[in-house]
Amino acid sequence: MKRLLIAVLAVAVCLTSCIKGTSILYSGYMFGTMEGAGIMLGDDGNNYHFGNSQMTSSMPVSGRIFAAFQVYKLIDGTTSDYEADVLEYVIPLTKNPVVCTSEEEVEALGKAPLGVISDYYGGGHLNLAGIALITDDPSATHVINLQIIPTENADTLHTVLRHNDGGYEFASSMQDTYARYQFYACFPLKDYLDEEKTRVIELKYLWQEEWYSSYIELKK
């Protein structure tokens with residue numbers, strides 16, 4: 001999906017710039033939060049006012065979003081508001097993380113495979129592009145959660161990305177029967193971070209029967 005957005009961005013930049021005849025200040029793609037109709041507060045702290053109504057008419061007016069866009073100019077009298085066009089967008093999976101109080105609750109979150117392509121902390125959320133292995137059974141259900149692991153060490157917030165596929169038992173020998181599903185996700189973490197002490201977010205995930213970890217350093 002990320003590759004798709006990049007490809008769409010490259011084509012759309014060419015087409016739109018030719019149609020408008022307007023110079024492009026810069027192009028990009030990022031997570032953000034919708035602040036109103038066609039207005040995205042990007043995780044870079046800038047507000048992007050999308051002017052192409054053919055794309056913005058179907059966009060949400062609130063909540064998280066991942067968008068590819070091109071920027072034309074800084075709006076007069078502002079320091080962080082830009083005129084822009086959205087080229088493509090995806091509504092990411094957005095849900096609160098969970099804290100388990102028993103082994104049964106942990107087991108219920110599942111141990112089906114999923115991987116992390118990229119991740120970062122921004123906009124008060126853990127944002128990521130991921131990939132999950134899903135069965136070819138159309139009746140199978142797939143649920144993704146972020147588990148918070150309580151710890152007395154406030155320097156690091158420990159999290160685990162979980163995937164419940166309805167009870168299917170994954171085996172490496174059967175991976176050819178699974179499809180790879182790419183997705184975007186945002187998990188609000190601001191309330192779980194100690195503003196003074198937390199320096200790192202640890203994200204663990206199980207990919208093809210092996211545990212991996214990524215570490216996100218927080219800027220202070």
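The following dialogue sets the values computed for this predicted model against the definitions behind them.

Visitor: Why is C186 called buried?

Guide: Buried means under 20% relative accessible area, exposed means over 50%, and partly exposed lies in between (1.4 Å probe, protein chains only). C186 has a relative accessible area of 0%, so C186 is buried. C100, at 16%, is therefore buried as well. Buried residues make up 43% of the 220 residues in the protein.

Visitor: How many disulfides does a search of the whole structure find?

Guide: The search finds zero. The criterion is a pair of cysteine sulfur atoms within 2.5 Å.

Visitor: What makes the side chains of Q70 and Y72 a polar contact?

Guide: A polar contact is a pair of N or O atoms within 3.5 Å; within protein, one must be able to donate a hydrogen and the other to accept it, and residues adjacent in sequence count only if both atoms are side-chain atoms. The side chains of Q70 and Y72 make such a contact at 2.5 Å. Q70 belongs to strand β4 (residues 63-74), and its relative accessibility of 0% is why Q70 counts as buried.

Visitor: How many aromatic pairs are there, and why is the pair of Y26 and Y82 called edge-to-face?

Guide: Rings of Phe, Tyr and Trp (its six-membered ring) pair if their centres lie within 6.5 Å; planes under 30 degrees apart count as stacked, over 60 as edge-to-face and the rest as tilted. By this rule the count is 11 aromatic pairs. The ring centres of Y26 and Y82 are 6.0 Å apart and their planes stand at 75°, so the pair is edge-to-face. Y26 lies in strand β1 (residues 26-36) and Y82 in strand β5 (residues 81-90), so the pair ties together parts that are 56 residues apart in sequence. Y26 is partly exposed because its relative accessible area is 29%, whereas Y82, at 14% relative accessibility, counts as buried.

Visitor: Why is the pair of Y48 and F69 called tilted?

Guide: The centres of the Y48 and F69 rings are 4.6 Å apart and the planes are at 40°, so this pair is tilted. Y48 lies in strand β3 (residues 47-50) and F69 in strand β4, so the pair ties together parts that are 21 residues apart in sequence. Both Y48 and F69 are buried. Y26, Y48, F50, F69 and Y82 form one aromatic cluster.

Visitor: What makes K204 a charge over the face of W211?

Guide: A charge sits over a ring if NZ of Lys or CZ of Arg is within 6 Å of the ring centre and within 35 degrees of the ring normal. K204 lies over the face of W211, at 5.2 Å from the ring centre.

Visitor: How do you know that β13 and β14 pair, and in which sense?

Guide: Two strands pair if DSSP finds at least two bridges between them. Strand β13 (residues 200-207) and strand β14 (residues 210-217) have eight bridges and pair in the antiparallel sense. Within this pairing, Y205 stands opposite Y212 in β14. The hairpin of β13 and β14 has two residues between the strands, and Q208 there takes a positive phi near 50°.

Visitor: How many bridges join β2 to β3?

Guide: Three bridges join these strands, which run antiparallel. L41 has N47 in β3 as its bridge partner. Four residues lie between β2 and β3 in their hairpin, where G45 in the turn has a positive phi of about 90°.

Definitions and conventions. Residues are numbered from 1 along each chain as its sequence is written. This is a predicted model: local features need pLDDT of at least 70, side-chain atom pairs count only at pLDDT 80 or more; totals for chains, interfaces and linings use all residues. Side-chain values use heavy atoms; hydrogens and water are left out.
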